[in-house]
Amino acid sequence: MSQESSSQQLQHDAISVSLTHSALDIPSVLASVKNPKAGAVVLFAGTTRDNFDGKPVTHLEYSSYPPLALKTMLSIAQSVQQKHALTAITMIHRLGVVPIAEESILIAVSAPHRHAAWSGGAEALELCKEKVEVWKLEEFGDDQAGVWRANRDGATGLQLDSANVTEKPA
């Protein structure tokens, strides 16, 4: 695992997975999967939106246990690469505060043909959201306390208030 400033990364063959506190760099992620054998490159960019369930969101804050999260990401990438015969795959997740309209996750894949790239990219994203040990704090723009939740669609969160933490469905 290499560590550059606020980034941690694992690489194996044509696979790269990383966690960083820095803004994500779309051109470099795309370049990391380009290959003369690949006729298709697919990029997914997940961005922070300004609302959740009708409530204004000011920003998201992501937290992780990097050694475990990176191992999980590498396992997912290896499985998806093999299943879809991908030429290369890069997955990078941002940690810390992610402002509105900035990317929190980039997943780029390349493959000889478009169907494998589309399918592989979609599967990598879904598995990442389902399994990777990343948690997010949604901070709302009104007087409501933020909510910590697993980084999964529809996950129940824990609402925070200054006195204690109470469970509240998301």
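This is a predicted model: local features need pLDDT of at least 70, side-chain atom pairs count only at pLDDT 80 or more; totals for chains, interfaces and linings use all residues.

Modeller: Residues are numbered from 1 along each chain as its sequence is written, and side-chain values use heavy atoms, with hydrogens and water left out.

Biologist: How many helices and strands does the protein chain have?

Modeller: Helices (H or I, at least four residues) and strands (E, at least two) are DSSP runs, numbered from the N terminus. The protein chain has three helices and 13 strands.

Biologist: What percentage of the residues in the protein chain is buried?

Modeller: Buried means under 20% relative accessible area, exposed over 50%, and partly exposed in between, with a 1.4 Å probe and protein chains only. Of the 170 residues in the protein chain, 46% are buried. Accessible areas come from the Shrake-Rupley method with a 1.4 Å probe, and for residues only the protein chains shown count as cover. The protein chain exposes about 9000 Å², 51% of it from carbon and sulfur atoms.

Biologist: Which elements do the buried residues of α2 pack against?

Modeller: An α-helix has 3.6 residues a turn, so residues three or four places apart point the same way. The buried residues of α2 include Ala69, Met73, Ile76 and Val80. Contact means heavy atoms within 4.5 Å. The buried residues of α2 pack against β2 (7-12), β3 (15-20), β6 (55-64), β7 (88-94) and α3 (114-131). In α3, the buried residues include Ala117, Gly121, Ala124 and Cys128; the buried residues of this helix pack against β4 (40-47), α2, β7 and β9 (103-111).

Biologist: How many salt bridges does a search of the whole structure find?

Modeller: A salt bridge is a side-chain nitrogen of Lys or Arg within 4 Å of a carboxyl oxygen of Asp or Glu. The search finds three. In one, Lys83 pairs with Glu123, with the closest N and O atoms 3.1 Å apart. This pair links distant parts of the chain, Lys83 in helix α2 and Glu123 in helix α3, 40 residues apart. Lys83 counts as exposed because its relative accessibility is 57%.

Biologist: Where do Glu138 and Arg149 lie?

Modeller: Their side chains meet in a salt bridge at 2.7 Å, N to O. Glu138 is in strand β10 (residues 134-140) and Arg149 in strand β11 (residues 147-150), 11 residues apart. Both Glu138 and Arg149 are buried. Arg94 and Glu102 also form a salt bridge, at 2.6 Å, N to O. Arg94 counts as buried at 8% relative accessibility, whereas Glu102 counts as partly exposed at 29%.

Biologist: Which residues form a nonpolar patch on the surface?

Modeller: Patches are made of residues with over 30% relative accessible area and no salt bridge; like charges are joined within 9 Å, and nonpolar side chains (Val, Leu, Ile, Met, Phe, Trp, Tyr) within 5 Å. Here Tyr65, Leu68 and Trp135 form the patch, with about 310 Å² of accessible area together. Leu68 lies in helix α2 (residues 66-84) and counts as partly exposed at 39% relative accessibility.
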